[in-house]
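Hi everyone, thanks for coming. I'd like to walk you through a structure that may be new to you, so please have a look at it while I talk.

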Amino acid sequence: MPTRRVKIPATRYPVERFTLDNGLRVVLAPDRSAPVIGVAVVYDVGIRSEPEGRTGFAHLFEHLMFQGSENLEKLAHFRHVQGAGGTFNGSTHLDYTDYFETLPSNALERALFLEADRMRGPRLTEENLRNQVDVVKEEIRVNVLNRPYGGFPWLTLPPVMFDTFPNAHDGYGSFDDLESATVADATDFFRRYYASGNAVLSVGGDLDVAEATALIERHFGDVPARPAPARPDFTEPDLTVERRTSYTDALAPLPAVASAWRVPDPVGDFAAYLPYVVLAEVLTDGDASRLVERLVHTDRAVTSVGGYLGFMGDPFDVRDPTALLLQSHLPPGGDVDKVLRTVDEELDRLATDGLTDGELARTQARMATHLLRDTDAVLGRVLRMAVLEQQRGAPELLGELPRLVGEVTEEQVRAAAATLRPERRASVEVIPGGAR
Amino acid sequence: MSAPGPRSLPPLGPTRRLKLPRQAERTLDNGLTVIVVRRPAVPLVELRLWIPFGRAHLARGHLLAQTILSGTETMSSVQIAAELQKIGGGLAAGLDPDRLMFSGTGLATGLDRMLEILAEVLTGASYPAEWVGVERDRLVDGIQVARSQPAHLARTALLKRIYGRHPYAVQTPDPEQVRAVRPGALRSLHAQRVRPAGAVLVLVGDVRPERALDAAEKALGGWQGDGHRGDLPPAPPLAPGPLLLVDRPGSVQSSLRVALPAVPRTHPEHAALQLANLIFGGYFSSRWVENIREDKGYTYGPHSLVEHSVAGSVLVAAAEVATEVTGPALLETTYELGRLATVPPRPEELEQARQYALGTLQLGVSTQAGLASVVSAYAGSGLRLDFLPEHESRLAKASAEDVAEAAARYLAPARAVTVVLGDAERITPSLAALTPIETVPVPS
């Protein structure tokens, strides 16, 4: 069958950027296709920045940012957003922490007020801290301790691959560290990292640029100016000898394994990085991908296999060092060594023989769909743009990604595959303790 | 710099009215209804197709959903996936107790091809023995993993407790039943049930509605055969009784589930019930969340939701709470339900819930995927998108009395069916202080 190459459509979101006198960077992305807006504030601090002895603190602090602020009592933030017909959340990542709302567009000024108020200062009290330590412990129990495969592999693989505390430690935190956290810790953390100069405000959707700009000046203009702290160097050398560990998961009924390989700097060397993003999809996107076809259907060695960039599945919003990950769940009695050998074999085959006719183009078309779909929601768009502004000063990159992904060549994908050697690999195996 | 005085919350601007997107609908000669909605924001199209599938054999139904894309006379599974990828597309099939559901997304320019491939699968899925074998093992493994998850185990126990002998009572097949399914049984089930009559196809995206209807008719007009409807009896009313405690030794949390009666979307009391549910536990700024999370720190993500199925609706409140506070968490839950069922909510509480319901209605239809889900779910209740403004006006009109009445009728703790999954040895004493308990072991 001849290869029909589908044209990857371009999208161009108009983007406005400016910086307030206090150093707050602002991104505006108007789109009047629906009467809704998205507002996001992203602070340049994440799991990698938390101090030793305070694992989980960046995430705990994210919770504290919802506990009242200069002009708002506890519970007021939630009630004001939801009482305007909106939804909210926040999330803590390796390199940043985001806070966001999506609302009907008549609530734009309200959302700006709420974000500005907590940028001036959250209410950090002993009572709120103890309450949120309890809530976070329940979050960890739900997501990690009380379920099979909890934290696999995002919490269990970094300590195998990395040696330094910022990259290797548990970002959810130990109960001991969480319980030891103090209000003074929180005050220091806020002063240091939640500075106007360390933040990006991103607003998108049904808005008028001039009007939104005036509202942003009004609410954020007098947030006290504080500069961004110097960002520490988190780099670590690549692996030269394979690393592998295993642990028993008392609740897991079946074996699993995840492997990671370091990849080029996603920000500093984007052109070298992008082929790895495409490679992960060539390997694992759907029944026509190489590893699914081989491992699931031909060999029946795994029940599922997935591949992605970044420990939190965040290809375009993480800084160096990061990794390409492959993870598999195995049938009862499955052979992990065999799975790892087969992956090596398939990577060799890809590096040596290249791709089949149309294999790259169809993968790129599918990636374009995923990228476009994520940006249809105004909130998805403002969040991505905020981080692209923060880490790259380039929010408009969002609209260019489908095209850039489509320009990755077969040679680049082969070369990327050739670097995923066993000696550069870190793996972690889950031994099922819950098999019945 | 002098400290500024207190700042006040800016008022909301004028409400922008909900504008319905352009849409078109056609029922084909074979009985398939096609609904197309235009939202050109990104150059994609969302596809949803559901086929009535009530009363289908559970293990065969689940394996059919997992293998229907595994090949046809002319295409292998890999070819189907690759052909879809070429147009940036993908299709997945799933099963619930009412329907077989396909969902997918692709580049809008590939719509014709996506429909062509879908049609080929619907009319010619061949269930190749080798692939069925692989997928059968994967389904068994998946069931085993699900059974190690507390949320799944709690759900399973709750469904059984709610539905008794109704077909909704068991929604996950036994591995042994799955292992017994042969390709021939899948082909028979397909021939009997994968039929256009009564099915609904929804397309949403950067498409021209009339042109998309034509494309759907061209691709799917040849899909023939009368459907076997598989009508379900109405779900039985909830039968309150002792709290069902499912013992999961060593559990570090307890999974608390409370089921309450509810009404379908079209019922005159539905809007008032929705508002009452929001005030109780249906959003973050609800009494239940503010109490057991923000005040007491017992839990991370409690939520309550009205679930609609063809044979009935039910309200389910769910929370994962720390083992040591399981009794106190149930106490607060019962308290909040009882308080709302017996004391009318304050006006500002109602207005806040109302604004949330109205606003999230707009947010829900502000994306292609959101629109597709709403249109497909509405069609499942026999409704169309024009019900959205109708529902909006019902929400706007519901009075405090309406909401108080709905709360008294549907949220009364005396009507609740409660299931707790947790470590019985540690949680029995405090639960037993509150209510009679019946304890069963976790199913193996």
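Let's start with one residue: in which helix is A:D188 found? The answer is α8 of chain A, the helix made of residues 183–193. Before going on, please keep in mind that this is a predicted model.

Is A:D188 buried or exposed? It has 12 C-beta neighbours inside 10 Å, so A:D188 counts as exposed.

Now let's step back and look at chain A as a whole. Chain A is divided into domain 1, covering 16–220, and domain 2, covering 243–432. Their C-alpha centres lie 28 Å apart. Where they touch, 36 residues of domain 1 of chain A are in contact with 34 residues of domain 2 of chain A.

Which elements of domain 1 of chain A supply at least two residues each to the side that touches domain 2 of chain A? They are the strands β2 (25–30), β3 (36–43), β5 (97–104) and β6 (199–205) of chain A, together with helix α5 (158–161) of chain A. Of these, β3(A) gives the most, with six residues. By class, that side of domain 1 of chain A has 21 nonpolar, eight polar and seven charged residues.

Several of those strands will come up again, as we turn to a sheet in chain A. It is an open sheet of six strands, in the order β1-β2-β6-β3-β5-β4 of chain A, and the pairing is mixed. At the edges sit β1 (16–19) and β4 (87–92) of chain A, each of which pairs on one side only. From one strand to the next, the twist averages 15°.

β1(A) and β2(A) run antiparallel and are joined by four bridges, with A:E16 standing opposite A:L28 in β2(A). How many residues lie between β4(A) and β5(A) in their hairpin? There are four.

Helix α9 (residues 209–220) of chain A lies across β1, β2 and β6 of chain A, and runs at about 150° to β2(A). Helix α14 (residues 378–392) of chain A lies across β1, β2, β3, β5 and β6 of chain A, running at about 30° to β3(A).

Why can we call strand β5 (residues 99–107) of chain B largely enclosed by the rest of the structure? Because seven of its nine residues are buried. β5(B) also has pairing partners. One is strand β3 (residues 44–52) of chain B, which runs antiparallel to β5(B) and is joined to it by nine bridges; B:L49 stands opposite B:F102. Another is strand β4 (residues 90–95) of chain B, again antiparallel, over six bridges. In that pair B:G90 stands opposite B:T105, and a hairpin of three residues joins β4(B) to β5(B).

My last stop is helix α16 (residues 424–432) of chain B, whose buried residues are B:A424, B:I427 and B:L431. They cover an arc of only 85° around the axis, so they lie on the same side of α16(B). On the other side of α16(B), B:E425 and B:P429 are exposed. What covers the buried residues of α16(B)? The cover includes β7 (243–247), β8 (253–261), α11 (326–342), β11 (417–422) and β12 (437–441) of chain B.

Terms used. Residues numbered from 1 in each chain as written. Chains lettered and ligands numbered in written order. Predicted model: local features only at pLDDT ≥ 70, side-chain atom pairs only at ≥ 80, totals over all residues. Buried ≥ 20, exposed ≤ 12 C-beta atoms within 10 Å, placed from the backbone. Pairing = 2+ DSSP bridges. Arc of directions from axis to C-beta. Contact = placed C-beta atoms within 7 Å. Domains from an automatic or database assignment. Nonpolar A, V, L, I, M, F, W, Y, C, P; charged D, E, K, R; others polar. Axes fitted to C-alpha atoms, helices over the stretch in contact; angles between N-to-C directions.
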